[in-house]
Amino acid sequence: MRVLVVTAVPAERDAVTAAAPGRREFPLPGGAVLHRVVRGGGAVVCDVLAAGVGPAAAAAGAATALTAAALAGDPYGLVVSAGIAGGFAPVAPVGAVVVSDAVVAADLGAQSGDGGFLSVTELGFGSHAHRAAEELVRAVAGATGAVRGEVLTVSTATGTAERAGELVARHPGAVAEGMEGFGVAEAAAAHGVPVLELRAVSNEVGPRDKGAWRIGEALRALTGAFGKLFPVLDSLPDSLPDSLPDSLPAQGG
């Protein structure tokens with residue numbers, strides 16, 4: 001199975017590729033570079049792309065890589081959004097690995113008249129979530145020890161306890177927040193390719209305290225998770241069920 005892994009920054013990309021013995025570089029249109037790693041006797045080809053920070057950059061980068069692969073006649077069978085993340089305590093402490101039951105756009109929508117929030121699903125403008133296939137999530141969680149739950153995508157990282165509380169109230173199944181997953185999921189969905197989000201927790205979601213961040217620890221945990229993930233991918237069929245949009249209840253309030 002060919003797998004595309006999309007990260008935000010090179011440090012995350014390098015943490016993923018460190019889980020495999022070697023890599024080669026391949027240019028993409030627009031100047032981006034894929035870092036290709038092969039493991040398991042060549043059974044799994046994993047292309048890793050540092051696409052940039054935020055859902056728009058992630059969507060553009062993922063779409064470029066997916067289109068290039070499709071035009072070459074060798075499409076991807078799975079897309080993984082990966083990197084470090086903020087974790088919602090106590091379910092996902094610093095150093096934990098999380099895997100997405102669903103990738104959720106947590107701040108894409110509109111404020112309601114009473115000060116609440118309406119998701120794009122409630123507004124009728126599309127889907128606010130992409131749920132991964134249960135068999136895939138179960139296999140990844142079992143191999144990596146990852147905490148399962150909703151991984152939220154935000155355009156502005158949470159910096160207060162009040163905001164963290166708002167997110168948990170709207171998304172009680174949330175385990176972590178990142179800034180790229182939903183963009184990657186939208187690109188994958190447009191190509192009919194299943195998607196998954198796998199992240200390692202570097203800090204607690206809440207007040208912004210950079211002194212408490214453990215980025216190095218999280219990057220090492222990410223490498224360890226992908227070291228365990230590659231054998232799982234070896235055992236998967238070349239074709240997986242597509243991710244399922246609109247499978248979560250509306251989260252307005």
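Because the model is predicted, local features need pLDDT of at least 70 and side-chain atom pairs count only at pLDDT 80 or more, while totals for chains, interfaces and linings use all residues. Residues are numbered from 1 along each chain as its sequence is written, and side-chain values use heavy atoms, with hydrogens and water left out.

**View 1. Arg-2 pairs with Asp-74 in a salt bridge.** Here a salt bridge means a side-chain nitrogen of Lys or Arg within 4 Å of a carboxyl oxygen of Asp or Glu; this one comes in at 3.6 Å, N to O. The partners sit 72 residues apart, with Arg-2 in strand β1 (residues 2-7) and Asp-74 in the loop between α2 (55-71) and β5 (78-87). Helices (H or I, at least four residues) and strands (E, at least two) are DSSP runs, numbered from the N terminus. Arg-2 is buried at 13% relative accessible area, whereas Asp-74 is partly exposed at 40%. Buried is under 20%, exposed over 50%, and partly exposed in between (1.4 Å probe, protein chains only).

**View 2. Arg-2 and Asp-74 belong to a network of salt bridges.** Arg-36 and Asp-47 are linked into it too. The whole structure holds 11 salt bridges.

**View 3. Asp-101 meets Arg-148 at 2.8 Å, N to O.** Asp-101 lies in strand β6 (residues 97-105) and Arg-148 in strand β10 (residues 147-153), so this pair ties together parts 47 residues apart in sequence. Asp-101 is buried, at 16%; Arg-148 is partly exposed, at 31%.

**View 4. Arg-23 and Asp-14 form a salt bridge at 3.0 Å, N to O.** Arg-23 is partly exposed at 40% relative accessible area, and Asp-14 is partly exposed at 30%.
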